[in-house]
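Reader: I am new to this structure and would like a close look at a single part of it. Please take me through that part slowly.

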Amino acid sequence: MITRPKVTQALIAKQAGVSGSAVSLALSGNPNNSLAPDTYARILAIADELGYTRRFVPAAQPGATTQNIGYIVEGNTEPLRHNVFLRYRHAGVLRFVEEHGFHLLMSFGSGQHAIPDCVTQGKVDGLILDMACSPEWVTALQQHVPVVMLNNPLATVAVDSVMTDNHAGINTAVTLFAELGHRHIAFFGLESEKAHFQERLEAYKSRLRALELPVREELIALFLPQQYGSVTEQYEYCLQTLTHWRSLANPPTAVMAVNDQFGFSVLRAARTLQIRVPDELSVIGFDNLEFAEDSEPPLASIAQPYEAMGALACELLLQRIGGSTKPPMRVRLGVDLIARPSLGPAPY
């Protein structure tokens, strides 16, 4: 007897030659999903051909379950194309959902005001929110379905959340800099209200104080995009920053970058200014993107467990759907520092 493979969204994505997130969007039941019409039609055709069943139970059926999980992100399809972190988290969510017999419906939201159609129409049993949200909006959603926050915790709302331990990651990096003899450690980041960026800056300052090293405001550079926040705009800001730092009486010998993208900009600007890395300047990023080891020189970085974050958020949500009444869990997953040639001892 020939056993046919289980029809999953991952299988549909492979057959259609698209990402898993595109399939989740197409199967959400919302034709206004920002996918190209031909892509949308191709995904639905392949899903039908493979025999994939989309299950939508009317909200009017008391106690009915849909076996659908809603996964809401901010914006439109652009974040899915360019945000590798979001794609990794989505992959973890999708794998866990399908392993447990559920379906994933992906949609977009603003993080405030209106209740999504997937909730009002009774299409989902619970929601994973992978974006910044207002406390009022999350509280309103919880009146309808269980909710788990992914990568964006809310301190003022009793809700489950999963996030990287940003403080531990930065503490490890700054401590290693200090052990290598660095005393003037800079921070290159982004001016943002997002929790993970703010936590990394706070951790940098608090760790320097704990190590009795100076917290020098002139060594904290926070990029505020003036146009689109492009790589070019970021690089030009970094050039200006490194030029300024070199003019100081005690220039930094190490830079903690808020993420790998900013770390790459530091490496590129250093090459332009003929600053030798790591002989004159050490750099550590955050995220451990897959091409960090291919940069010049390879970028030391703090690795996040993206897929594990998505899977755990799903596990917590399925527990709530199953009737768990335990207190809300605010989980922080551990990180690892990956040492690479951008990291070295202080030059003096």
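Leaving aside its neighbours within four places in sequence, which residues is Ser282 in contact with?

Author: This is a predicted model, in which local features need pLDDT of at least 70 and side-chain atom pairs count only at pLDDT 80 or more, while totals for chains, interfaces and linings use all residues. Residues are numbered from 1 along each chain as its sequence is written, and side-chain values use heavy atoms, with hydrogens and water left out.

Apart from neighbours within four places in sequence, Ser282 is in contact with Phe177, His182, Thr253, Ala254, Val255, Ser342, Leu343 and Gly344, where contact means heavy atoms within 4.5 Å. To place the residue in the fold, Ser282 lies in strand β9, which covers residues 282-287; helices (H or I, at least four residues) and strands (E, at least two) are DSSP runs, numbered from the N terminus.

Ser282 counts as buried because its relative accessibility is 0%, buried meaning under 20% relative accessible area, exposed over 50%, and partly exposed in between, with a 1.4 Å probe and protein chains only. One of the residues in contact with Ser282 is His182, and these two are 100 residues apart in sequence, yet 9.0 Å apart in space from C-alpha to C-alpha. Gly344 is also among the contacts, and here the side chain of Ser282 reaches the backbone nitrogen of Gly344 at 2.9 Å.

Methods
Polar contact = N/O pair within 3.5 Å; in protein donor to acceptor, adjacent residues only side chain to side chain.
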